[in-house]
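Trainee: Could you take one part of this model and examine it closely, and then continue to the place where the chains meet?

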Amino acid sequence: MAEYANPDVLVSTQWVADHIDDPNIVIVESDEDVLLYEIGHIKNAVKVDWQNELQDQLVRDYVGPEKFEKLMSEKGISNDATVVFYGDKSNWWACYALWTFKVLGHEKCLIMNGGRQKWVEEERELTKDVASREKTNYKVSKTDESIRAYRDDVSKHMAAGKPMIDVRSPKEYSGELLHMEAYPQEGALRGGHIPGAANVPWATAANEDGTFKSADELSDIYENQKGLKKGDDVVAYCRIGERSSHTWFVLKYLLGYESVRNYDGSWTEWGNLVKAPIEKP
Amino acid sequence: MQRIEEIIEMFQSADYQETLALLIDYSEDLPELPERFVENRDNGFNQVHECETPVFIFIEVQNDKVDIFADVPEESPTVRGLVSILVSAFDGATTSEIEEAPADLLMQLGLAQKLGIRRVRGLSAVYAMIKNEVKKQKAGS
């Protein structure tokens, strides 16, 4: 059985339990449900909210280096800290936070495999005590835009016939739905997908218990079934770029694709863009 | 029953942390679903399908008075809290009070700005369901 390309980016719930008091480790909870941290979280974990803390509140973008420095300093995360993310929904939001941290240049980022669900199912301890960490003086020295694709990059990528993974549901991919089922307000004016993109719904990469599928299973899904080849330059997208950060993580670290970018503009940009080519079966 | 105006005022004057604390209180205060609805829930009746989280709403109208019962899993405290706001505001109300409740209630609560639109959008479906169901049962009675 093959191993993940970068097995060290995943840590187990037991590993986290063993490192709860390690001063060089910062456990970060990032969830879709904004109250989960408040009703109980892993001891010493700090909360990072993608909505209020990682996204710019005015422009459709992430916070810039200055705000990120302030956020990290206030959370008590230093430049050399190892950040272990976990969250709800098979680590969907944890991967999104990890991707954003990486864009903003934080180096050591790991994921607790199985996320919040696995921790809870194993009946491990949760606390309501908010961790107080000493403030740091965080500095962003360089950001990493190489993992982020903008619409012009995607146009070129498409024109070059390079592979793309559309991680939305089959109905969104086919254009039958203009938004995710149950999410009517994040729609687009046009339905379909970017020409050339293959459809692999993001959760295909996750097991029932929230952990990632094995390297062999992932290779079968993305390579045997969808034709990705090692060395490919890949773009992943969804509707607003959060589900696709889960797939970005899988391709980048678990399957080891060097060049994979998350297109965070995703369908809410492409499907509203005048004259953007669309494929619809 | 809390008056809707009071709830709106409370949320409007709450800062971010206070909003979270209020939502947790509401989430904890949602009454348990009465036994007589459990079978229907388990069979998938009365689910609000627009919500990604399994949310079930049961409405009874008797002598113009509306009783609202809801079921939302405890693992989804935000959705539970949001639904609980509506239950708290409208359980025990008269049909006309519910019919006349403001269409832009959710906007007035100001939660979309604080929590993000994607976290509150399911609530408009729940609100619409309550209003429709009351209208339907009133017309049928």
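Mentor: In helix 4 of chain A, residues 65–75, the buried residues are A:Phe68, A:Glu69, A:Leu71, A:Met72, A:Ser73 and A:Lys75; buried means under 20% relative accessible area (1.4 Å probe, protein chains only), and helices (H or I, at least four residues) and strands (E, at least two) are DSSP runs numbered from the N terminus. The model is predicted, with local features requiring pLDDT of at least 70 and side-chain atom pairs 80 or more, while totals for chains, interfaces and linings use all residues. Residues are numbered from 1 along each chain, chains are lettered from A in the order written, and side-chain values use heavy atoms, without hydrogens or water.

Among the elements that cover these buried residues are strand 3 (46–47), helix 3 (50–54) and helix 5 (88–103) of chain A. Just after helix 4, A:Gly76 has a positive phi of about 80°.

As for the interface, 26 residues of chain A and 24 residues of chain B are in contact (heavy atoms within 4.5 Å). Together the chains bury about 1,900 Å², with 52% of it on carbon and sulfur atoms (accessible area lost on being put together, 1.4 Å probe, summed over both). Of the area that chain B buries, B:Arg118, B:Arg119 and B:Arg121 supply 38%, more than any other three residues.

Four salt bridges cross this interface (Lys or Arg side-chain nitrogen within 4 Å of an Asp or Glu carboxyl oxygen). One salt bridge joins the side chains of B:Arg118 and A:Glu242, at 3.4 Å from N to O. On chain B, helix 2 (16–29), helix 4 (77–90), helix 7 (111–115) and helix 8 (117–140) each supply at least two residues of the side that touches chain A. Helix 2 of chain B gives the largest share, six residues.

How values were computed:
Buried area = accessible area lost by both parts, 1.4 Å probe. Buried < 20%, exposed > 50% of the residue type's maximum accessible area, 1.4 Å probe, protein only.
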